[in-house]
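Thank you all for coming; I would like to take a few minutes to go through one model with you, and please have the sequence and the coordinates open while I speak.

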Amino acid sequence: MNIPFFIDSAMLGLQYAMLALGVFITFRILNIPDLTVEGSFTFGIAVSGILTANGHPFLGLLLAVLAGAAAGIVTGFLQTTCGIHPILAGILTMSGLYTVNITVLGGPNVNLLDCDKFFTFAVNLFPYAYRTVVKGVLILLICALAVFLLSLFFKTAFGLSIRATGNNEDMVRASSINTTKTKITAIAIANGLVALSGGIVSQYQGFSDINSGSGMIVIGLASVIIGEVIFGRRSVTIGIISAVVGSVVYYLIIALALSANIFSSNALKLLSAVIVGITLAFPTFKTKIAEYQMRRHALKTRSR
Amino acid sequence: MLEIRHLSKTFFKGTPNENPALQDIDLTLQKGDFVTVIGSNGAGKSTLFNAIAGSFLCESGTILLDGEDITYQKEHKRARNISRIFQNPMVGTAPDLTIEENLALSFNGANKHAFARAVTKKDIAYFRSLLSTLDMGLEDRLKTKIGLLSGGQRQAVSLLMCTMTVPKLLLLDEHTAALDPVTAEKVLSLTSQIVKEKQITTMMITHNIQSALALGNRTIMLEHGKIVLDLKEEQRRNLDVAGLLKLYRELCGKELDNDRMLLTNE
Ligand SMILES: Nc1ncnc2c1ncn2[C@@H]1O[C@H](COP(=O)(O)OP(=O)(O)O)[C@@H](O)[C@H]1O
Ligand SMILES: [Mg+2]
């Protein structure tokens, strides 16, 4: 077994964990599938990439978060104030972002291999440690911090109103909570995280590419769903942790499939889509099967 | 307290389906009034509540609450002063949140900073004492998801949520209609107890004419978007269900028609 390959995959999972957290917030907490993700992930890549190329890796990550959040605010505005269907709102932002992203990046891709990244300082700080270990510990710390802050946030009064908005919007609207505000904030936070993920991924990879965002929504959903299979759907805090774990497990599964030569890497997107499709269809099929059995049972007893 | 002047609402205005749901409504409530609202199906009772609470704007008329003009105020702004409970117990609470989180949602708005902890130990003690007044054993189930409770329990919790911070106006839209008779009776007596205790100005739609006459201090009847009967004091005290039906027949020239309406004394 190729151990370094699996360690790399687990680390990849941690880099994409912020993406899973963003998808968890919109898909599970707000109960809205948000396609902005595809664009905001690349937005993060572009912003972080161009700033890293110019010697500002930290500023790059910070601005990536803000850029993603701005994209989220646009989608939120389209959904709430303009009353556009959530899926369409996300598609509009995503589509518009392509132009923004390619403008920011100044071309289809930028090479970052020789630039300082946000982890360079840590690698220099521990010159005798393995590079991979330092990078791994750093990304682990970032994930832990994100999980910690998000769990705290969703336990505040405002965080609770966001959760209630996703759970029973009618009720929240009839209480004194402004659902426009809760929705836009949540979508902004989610896309800020997604863009952060993009920024981190591009710095770890050492290049920024305009097409890296495609299929990200499915990967995010797959991670969230895998996390739920492992932990079950319980409290928000567990949900947040399970999104991160789900992301790591997703990339480990992919690594396993690749190393066993079951699939070529070209098949990954199809594989992910199938996994997500089956999992989302599962509850419906369960009721259908139950109904089918009920009908068969009824017909049998009647014919007797 | 509540002053409604010339309020009109027409759905699908200017189309063949034009539906004048409220027509030139005038209504004034005094502080502490408990008004029961009756009327046949589609009379406009819920529409009146929706108009007051701001679910939509009306094409003409004004609504004043405590002297403040709220005619064009946003729904969530009005909600600071107006609480509502609906017929469907699923509407008033968030099913996947726990009992304490649901209560906190109503409590926090007026009492907390946005980034304060949503549920503190102190809150829990307060919620527990509130829930124990319901006498349903819910004080020991604060961490239970509210979706797991029965309709009656959810409606009782909604009642607590709506009155925890005393609203200027409480709107109850057939809030016991989906419950079994025993539970309905219990929720109804809780309602009148809380309303009396906190002296909340209340409007309650009910299809039970007997409780419409028994509860509160005033009864109004809607028909085709108009208030056709306004019963208070002497006249109301001397009226029973049969008397009210007779009055209706004389006024509208037909029998009161509401498939869910309980027309007899139970
Ligand atoms: N949101 C709405 N859009 C269109 N028509 C409505 C709406 N709400 C109520 N109506 C119509 O207005 C009339 C009054 O309805 P409603 O107030 O719900 O009656 P009820 O007295 O039974 O509560 C009915 O004809 C109903 O179909
Ligand atoms: Mg109604």
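I will begin with the conventions, then take chain A, and then turn to ligand 1.

This is a predicted model, in which local features need pLDDT of at least 70 and side-chain atom pairs count only at pLDDT 80 or more, while totals for chains, interfaces and linings use all residues. Residues are numbered from 1 along each chain as its sequence is written, chains are lettered from A and ligands numbered from 1 in the order in which they are written, and side-chain values use heavy atoms, with hydrogens and water left out.

Along its principal axes, the C-alpha trace of chain A spans about 80 × 55 × 35 Å. Of its 304 residues, 50% count as buried, meaning under 20% relative accessible area with a 1.4 Å probe and protein chains only.

A backbone N or O atom of B:G42 lies 2.8 Å from an oxygen atom of ligand 1, and for a backbone N or O atom of B:K45 the distance to a ligand oxygen is 2.8 Å. In the side chain of B:T47, an N or O atom is 2.5 Å from an oxygen atom of ligand 1.

Technical notes. Polar contact = N/O pair within 3.5 Å; in protein donor to acceptor, adjacent residues only side chain to side chain.
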